[in-house]
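Subject: Structure for you, with notes

Hello,

Here is the structure you will be working with. My notes on it follow below the model.

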Amino acid sequence: MTNHPERPAAGSARPRLRRRAARPASSTRVRPRPLAAVPAALLALALAAALPGPAPARAAAAPQPAPAPTPTPHGTGAEAPRAFDAGPARAALRRLLPRHAAQFTLVPDPAAGPDTFTVSGRTGAITVRGSTGATLLTGVGWYLQHVAGVDIGWPGESTGMLPARLPAVPAPVTRSARVPHRYALNDTDDGYSGPYRTFAQHQRQIDLLALHGVNEVFVQVGAEYPYYRTFQRFGYTAAELRAWIPGPAHQSWWLLQNLSGFGGPVSERVMRERAAIGRKIAGQLRGLGMTPVLPGYYGTVPPGFAARNPGAATVPQGDWAGFERPDWLDPSSPVFAKVAAAYYAEQRAVFGDSTMYRMSPLHEGGTAGPVDVRAASGAVQAALNAAHPGALWAVLGWQDSPRQELLAGTDTSKLLILDGLSDRYNRLDREARWGGAPYALGTIYNFGGHTTVGANTSVWLDRFGAWRAKEDSALRGTAYLPEATGTNPAAFDLFTDLAWEPGPIDHRAWFAAFAARRYGRPDKEAAAAWEELRKGPYSTSSGLWSESQDSLFTARPSLTAATAAYWSPRSMRYPADSVRRALDHLLKVDPRLRGSSAYRFDLVDTARQALANHSRVLLPRIRAAYAARDLAAFRELTAAWQDAERRLDALAGSDPNLRLGTWLSAARSWGADRAEQDRYEYDARSILSVWGRRSTSEGGFLHDYANREWGGLVRELYAPRWAAYFASLEEALVAGTAPREIDWHAFEEEWARRTTRHSSGAQGPAGDPYALASGVARLLADAG
């Protein structure tokens with residue numbers, strides 16, 4: 001999704017249909033035969049078998065899904081008290097705290113009330129009672145934050161500072177969630193956070209979400225497989241469908257009905273492996289008493305569906321950012337119910353059942369055409385209810401969605417709106433806008449995986465309390481919706497605390513407490529650093545933006561560049577000096593606290609942001625020197641710019657969370673042979689750079705949408721791009737001519753097509769983060 005709700009809707013004129021010839025997935029392995037003829041009821045057995053694949057972690061047999069809990073009346077999402085097995089929570093605890101897990105006793109307490117935990121205990125013997133496995137872990141998370149004084153963040157942790165014997169709880173503490181829905185993950189998370197992750201990486205994400213009180217998680221991995229199987233029953237060959245389904249990095253937008261085909265074809269083997277991972281994710285969530293939120297079916301069909309299926313009525317969806325959108329099957333047509341039933345049967349065979357499904361019809365400029373949206377939404381909900389009686393429909397609140405006609409056609413007691421704009425604009429009245437339909441206060445503070453820090457955190461605190469206290473409040477939850485996760489630990493901690501703190505959260509006090517636990521001990525310099533960050537990037541206001549500005553080092557070169565991503569803020573949203581001062585304080589933190597991954601990540605990230613902000617100081621100076629035709633000054637300033645880029649690349653590369661090699665190695669690991677590896681690497685590279693084809697990159701303004709300051713990415717793409725531009729300007733100054741034109745899309749596409757080998761970061765960070773951050777601090781001090 002692009003990040004501007006005010007973006008004009010895409011035109012409805014339908015471009016000429018262009019079909020790709022299906023390309024068979026080459027493989028050195030024995031490829032599985034298509035399974036479309038296998039009854040859905042038997043597919044679970046097929047998927048439970050060991051699957052061929054490049055990584056044993058992905059090929060492991062998938063567990064049988066546990067039965068989905070029975071939804072309670074009125075669509076609250078809360079579960080009736082029931083006995084449960086604490087084994088999955090204990091296993092997660094051993095993963096999270098291998099040295100201290102034995103000091104916790106986790107006690108299932110189904111009578112405790114929904115979403116409730118109690119923490120008590122003496123030194124070395126902590127007892128957590130809870131209503132679900134996930135709530136037990138939330139109790140552990142509360143204990144770590146408020147008693148033990150350490151942090152397990154996303155990313156970075158300070159658990160190495162825990163004493164051998166855990167401290168006692170002064171007095172038993174009970175907490176209950178203030179809202180029944182604590183939803184997590186944007187529709188784009190799989191594409192921007194890592195489409196080629198292993199199950200172990202997803203499992204770590206689930207552990208963190210449970211530790212922080214989340215109970216509903218979107219599961220997208222493997223969602224293509226039910227589509228692939230379903231449409232082989234409606235007149236399509238396996239090869240046609242493999243050409244229609246995008247590469248994993250672009251599948252998020254296919255599920256949103258925005259595009260198809262790009263980055264593929266994906267082999268059936270990979271689809272089966274992804275489905276097996278998704279099945280395990282769903283099983284892991286159920287084992288913890290969390291809800292796996294699965295994609296629902298609302299009418300996406302391959303090209304030419306109506307011609308192959310008499311009685312079907314489809315609506316062309318026009319263009320989205322230079323892509324032709326998939327057609328929409330009118331949910332009111334008789335064929336829709338058959339397709340939906342087949343889809344849900346195939347999905348059930350792979351992922352089991354759930355009580356919550358994600359669908360956003362007519363997303364970002366979708367065209368209703370002659371379809372009665374009210375009748376269509378009723379038909380979509382009816383198909384969902386036929387397959388999963390009582391299930392909730394989760395719909396994204398974004399741009400003009402959900403439309404009034406959609407809400408009018410649904411039973412809104414079985415609907416939850418995930419509000420992606422809660423902290424972005426002012427004068428919002430969600431009850432009036434959505435007619436009292438239940439909604440969750442959400443935030444999208446990260447777009448495309450940008451490495452920029454900050455969020456409108458004070459807006460969260462003000463609005464959660466005020467909106468929940470309204471007399472007619474329909475607020476029923478929170479929705480953690482950054483387009484990519486794992487980039488902003490303070491924002492993740494604070495947003496997930498909203499639902500569990502018993503009273504209003506004091507902004508300053510919360511950041512002071514976060515600073516005290518983030519590195520495992522209170523430290524005056526850490527406190528001063530986080531106070532600077534609180535007053536700066538974490539105190540941005542609503543009105544137009546929910547994300548801070550990105551870096552000009554990652555921007556397509558221009559002397560007037562104001563942003564890297566077209567849809568990002570064009571100027572600073574906070575005083576840049578706040579980050580510089582925070583860096584100076586972090587460098588003075590007690591040396592005994594510098595060993596944690598939390599400290600190292602925060603130090604690198606803060607130095608990276610301080611240097612990124614400096615790009616907005618340097619570029620105007622370069623522009624002025626060029627305008628004055630001062631060649632000496634121009635050369636001096638562009639040399640300073642290039643030196644900063646070299647420092648930036650080395651700095652980012654010193655943290656394993658900020659390395660291009662990790663991203664690319666993961667993509668290549670899924671290929672069975674060189675051709676397939678190269679195809680998936682292009683899928684992974686293109687989403688970071690050109691995003692799509694030329695029409696998308698240029699006409700859709702999506703180039704650099706997912707820019708990020710990573711080691712390897714700065715060195716390979718951003719720095720050479722600026723170097724080529726500065727060389728053209730210098731030539732022009734010397735010759736007294738206009739600068740030569742550069743085809744930037746061709747430049748970026750050449751990079752996206754490379755297959756350069758990178759270190760994946762598995763051997764740990766490269767370079768000394770403290771020394772590199774210190775060098776940045778000295779550079780900025782000298783620059784004034």
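Helix α4 (residues 133–148) lies across β1, β2 (116–122), β3 and β4, and runs at about 50 degrees to β2. Helices here are DSSP runs of H or I with at least four residues, strands are runs of E with at least two, and both are numbered from the N terminus. Axes are lines fitted to C-alpha atoms, for helices over the stretch in contact, and angles run from 0 to 180 degrees between N-to-C directions.

This is a predicted model, in which local features need pLDDT of at least 70 and side-chain atom pairs count only at pLDDT 80 or more, while totals for chains, interfaces and linings use all residues. Residues are numbered from 1 along each chain as its sequence is written, and side-chain values use heavy atoms, with hydrogens and water left out.

**Overall**

The protein chain has 28 helices and 17 strands. Of its 784 residues, 64% are buried (buried means under 20% relative accessible area, exposed over 50%, partly exposed in between, with a 1.4 Å probe and protein chains only). Among contacts between residues at least 6 apart in sequence, 77% join residues at least 24 apart; a contact means heavy atoms within 4.5 Å.

The four strands form an open sheet in the order β1-β3-β2-β4, with mixed pairing. Two strands pair if DSSP finds at least two bridges between them. β1 (104–108) and β4 (173–176) stand at the edges with a single partner strand each, so one side of each has no neighbour in the sheet. On average, neighbouring strands of this sheet are turned by 15 degrees against each other, direction ignored. β1 and β3 (residues 125–130) run parallel and are joined by five bridges, with Thr 105 opposite Thr 127 in β3.

**Other strands**

A second open sheet has three strands in the order β8-β12-β9, and its pairing is antiparallel. Its edge strands are β8 (300–301) and β9 (314–315), each of which pairs on one side only. β8 is joined to β12 (residues 327–329) by two bridges, and Thr 300 has Trp 328 in β12 as its bridge partner.

Helix α13 (residues 373–387) makes a right-handed β-α-β unit with β13 and β14 (right-handed if, with the strands pointing away from the viewer, the path from the first strand over the helix to the second runs clockwise).

**Helix pairs**

The axes of α21 (residues 597–627) and α22 (residues 631–653) come within 10 Å and cross at roughly 165 degrees. The two helices are therefore roughly antiparallel (angles under 35 degrees count as roughly parallel, over 145 as roughly antiparallel, 65 to 115 as roughly perpendicular, and the rest as oblique). Residues in this contact include Leu 611, Leu 618 and Ile 622 of α21 and Leu 637, Trp 641 and Leu 648 of α22.

For α10 (residues 268–287) and α12 (residues 334–351), the axes come within 8 Å and cross at roughly 70 degrees. α10 and α12 are therefore roughly perpendicular to each other. Ala 275, Gly 278, Arg 279, Ala 282 and Arg 286 of α10 meet Ala 349, Val 350 and Phe 351 of α12.

**Individual residues**

Gln 251 is found in helix α9 (residues 251–255) and is buried, at a relative accessible area of 2%. Leaving aside residues up to four places away in sequence, Gln 251 touches Gln 220, Glu 224, Ile 245, Pro 246, Val 266 and Arg 274.

Most residues other than glycine have a negative phi, and most peptide bonds are trans. The exceptions here include the following:

- The peptide bond from Trp 154 to Pro 155 is cis, with omega near 5 degrees; Pro 155 lies in the loop between α4 and β4.
- Gly 264 and Pro 265 are joined by a cis peptide bond with omega about -5 degrees; Pro 265 is in the loop between α9 and α10.
- Asp 115 has a positive phi of about 55 degrees and counts as buried at 13% relative accessibility.
- Asp 704 has a positive phi near 65 degrees and is buried, with a relative accessible area of 1%.

Regards
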